Amino acid sequence: MTTHGDPATQSGAPAVAARTGSTDAGEDPPATTGDDSLPAALAGLRAAIGAARFPLVLPSAEPARRTGAALTDQLDDYLIPRLARLDAPLLVVVGGSTGAGKSTLVNSLVQARVSAAGVLRPTTRSPVLVCNPADAAWFRQGELLPGLTRTNEPSEDPRTLHLVTAPALPAGLAFLDAPDIDSVVDANRALAGQLLAAADLWLFVTTAARYADAVPWELLRSARSRGAVIAMVLDRVPPEAADEVAAHLSEMLAAQDLGAAPLFVLPETWVDGQGLLPDRVTAPLAGWFARLAADADARAAVVRQTLDGALASLHPTVEGLAEAAEEQVAAADALDERVRAAYRGAHRTVEQGLRDGRLLRGEVLARWQEFVGTGEFFRTLEARIGRLRDRVVAAVTGRPAPAAELRTAIESQLVTLLRGVAAEAAENAYTGWKAHPAGAALLEPALAHPADDLPERAERMVRDWQRGVLELVRAEGGDKRFVARTAAYAVNATGLAVMIAVFASTAFIPTGLEVATGAGTTVAAQAVLQAIFGDQAVRTLANKARADLLDRVRALLDDEAARFLTRTEQARPAADTAAELRRAAGRVEAARHRSGFAEATGATLPAGDEGLS
Ligand SMILES: Nc1nc2c(ncn2[C@@H]2O[C@H](COP(=O)(O)OP(=O)(O)OP(=O)(O)O)[C@@H](O)[C@H]2O)c(=O)[nH]1
Ligand SMILES: [Mg+2]
């Protein structure tokens with residue numbers, strides 16, 4: 001039924017085996033050495049896949065995690081050990097729907113009850129491997145499927161592999177009876193997939209009632225895409241339906257590009273007292289395996305075809321992982337940008353507030369007017385602005401307002417503004433993340449509001465700034481001309497005036513017109529300022545104080561934004577994940593071609609059950 005090229009003419013295997021032993025990787029991990037052998041490339045790929053993380057909640061993340069885990073399993077369970085021992089016995093994994101008769105079939109093929117068959121579904125929960133006693137050492141040593149603990153007793157634990165020997169089974173061929181592929185038991189299903197990925201040959205067992213089910217076909221398609229060698233058993237077929245069902249299944253196989261898979265149709269029959277099928281039913285299948293066991297070249301060709309198919313499928317599969325990794329990085333960037341935009345907006349609001357004079361209102365304005373009006377500020381004013389002083393004094397209440405009250409008013413005005421913008425930014429960042437599934441998963445309710453200690457930090461920040469302004473005034477005192485004009489005022493009073501100037505407008509009260517929109521008293525108070533500080537030296541001071549304030553505001557808001565950004569930072573996969581994956585997969589592909597493996601496809605499978613299919 002199947003006609004493939006003669007594997008005996010392909011000679012890639014010894015070459016690969018030779019390279020395996022010639023690695024001079026020394027202490028370095030294989031991925032970073034010049035070792036371009038296939039085993040070294042696989043080790044590098046395994047490391048790259050192991051390092052790839054898909055922590056952000058994206059549609060591609062969970063499939064990528066599963067694919068990554070499955071690839072790691074396949075590398076460990078099968079590809080790496082198989083490549084190291086191309087001459088190891090051929091492993092036939094028997095898989096299929098629950099109750100299809102897999103265990104019964106394996107028992108019948110090896111002429112012994114090695115695997116429990118039963119009426120309870122599913123019966124087989126932990127895999128059973130049966131081989132000739134001569135092959136037991138290889139399977140026991142645990143190179144293949146290293147994650148499964150070998151046992152000599154039947155076990156219910158899916159992480160064990162029950163090893164049984166059967167003299168009736170020829171050496172060079174082993175059967176692994178797997179749990180059902182469509183199990184209601186999650187662990188069964190996952191294990192079945194893992195076991196099939198470790199097969200040299202998949203023996204798919206289905207029944208007349210179950211062969212059209214979706215799950216087996218999904219697995220068959222993935223097997224075909226990996227180039228795995230497959231044989232099909234249609235079990236327990238009522239004799240009268242055999243022709244029709246076999247024809248339909250053959251059609252389905254052909255439609256899925258699986259027409260080359262040998263098909264065996266086993267009629268429904270009685271099991272004997274041992275639970276074994278009669279010889280006449282199993283004879284075609286048993287004969288087929290006997291021929292395969294006897295033909296070392298055919299066995300080697302099967303191994304090579306499945307192995308190469310699996311190797312060839314790595315590149316496209318890893319590409320999927322690389323794309324998922326890129327999506328992770330892009331999503332992390334997008335989440336960060338939502339946060340940064342929110343806090344940039346907050347900073348802009350503060351900047352705007354300083355520019356449009358909106359801070360020079362209410363308590364601050366009242367305190368400023370009082371402060372100016374008490375005379376504390378005017379004591380040594382020159383006569384030429386005396387009239388202004390009179391106007392201001394007349395305009396204010398006359399209640400003495402100490403400088404400290406103005407300072408406090410400035411502080412609380414700024415703190416109120418900062419709390420407001422921080423609250424708005426937190427809310428914006430929060431809703432920005434909430435609208436993104438990956439962001440929503442990183443949120444916690446507290447992030448919707450500023451940090452608990454924001455008010456304290458804002459107060460401290462403003463007080464630090466105020467101290468900084470006084471420092472600035474003191475330092476600027478070094479400027480002779482400025483000193484001459486300000487020597488008469490307390491540094492404190494000048495500092496407060498500079499702070500008010502920061503609040504007043506960017507250009508520092510350039511004209512009376514600009515401030516004339518305020519109350520009459522504002523005009524007076526600012527006119528005083530203009531008269532006193534309307535020169536370049538004070539403009540410079542105010543500009544510096546403004547820049548300093550905005551820097552401090554930025555630092556404060558950065559700390560707020562960091563509450564979000566540290567979350568993406570922790571979740572974010574390494575930026576070079578995708579590149580590493582692609583590089584590692586490219587190395588495997590190149591090594592595969594160099595090894596001659598890529599050309600060694602096509603196994604000479606003995607024909608299937610020609611009489612029936
Ligand atoms: N009459 C008859 N019974 C069979 C045949 N094959 C299997 N059985 C019975 O069907 C039941 C299920 O068979 P198993 O071999 O345990 O099936 P399985 O595919 O290994 O099932 P799981 O391990 O649950 O996946 C057992 O009671 C078998 O004795 C057959 O060809 N004819
Ligand atoms: Mg079973």
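Are Trp 433 and Phe 564 buried or exposed? Both Trp 433 and Phe 564 are buried, where buried means under 20% relative accessible area, exposed over 50% and partly exposed in between (1.4 Å probe, protein chains only). The exercises below concern a predicted model, in which local features need pLDDT of at least 70 and side-chain atom pairs count only at pLDDT 80 or more, while totals for chains, interfaces and linings use all residues. Residues are numbered from 1 along each chain as its sequence is written, chains are lettered from A and ligands numbered from 1 in the order in which they are written, and side-chain values use heavy atoms, with hydrogens and water left out.

**Exercise 1. Find the protein donors of the magnesium ion (ligand 2), and say where they lie in the chain.**

Step 1. Donors are N, O and S atoms within 2.8 Å of the metal (3.2 Å for Na, K and Ca), and since water is not among the atoms, sites may look incomplete.

Step 2. Ser 103 belongs to helix α4 (residues 102-110), whereas Thr 124 sits in the loop between α4 and β2 (128-131), so that the pair links distant parts of the chain, 21 residues apart. Here helices (H or I, at least four residues) and strands (E, at least two) are DSSP runs, numbered from the N terminus.

Step 3. Ser 103 has a relative accessible area of 8% and is therefore buried, and Thr 124, with 10%, is buried as well.

**Exercise 2. Describe the aromatic pair of Phe 264 and Trp 288, and then that of Trp 433 and Phe 564.**

Step 1. Rings of Phe, Tyr and Trp (its six-membered ring) pair if their centres lie within 6.5 Å, and planes under 30 degrees apart count as stacked, over 60 as edge-to-face and the rest as tilted. The count by this rule comes to 6 aromatic pairs.

Step 2. The ring centres of Phe 264 and Trp 288 are 5.4 Å apart and their planes stand at 65°, so this pair is edge-to-face. Because Phe 264 lies in strand β8 (residues 263-267) and Trp 288 in helix α9 (residues 279-294), the pair ties together parts that are 24 residues apart in sequence.

Step 3. Trp 433 and Phe 564 also form an edge-to-face pair, with 5.2 Å from centre to centre and 85° between the planes. Since Trp 433 is in helix α13 (residues 403-434) and Phe 564 in helix α20 (residues 536-571), the parts tied together are 131 residues apart in sequence.

Step 4. One aromatic cluster is formed by Phe 175, Phe 264, Trp 288 and Phe 289.
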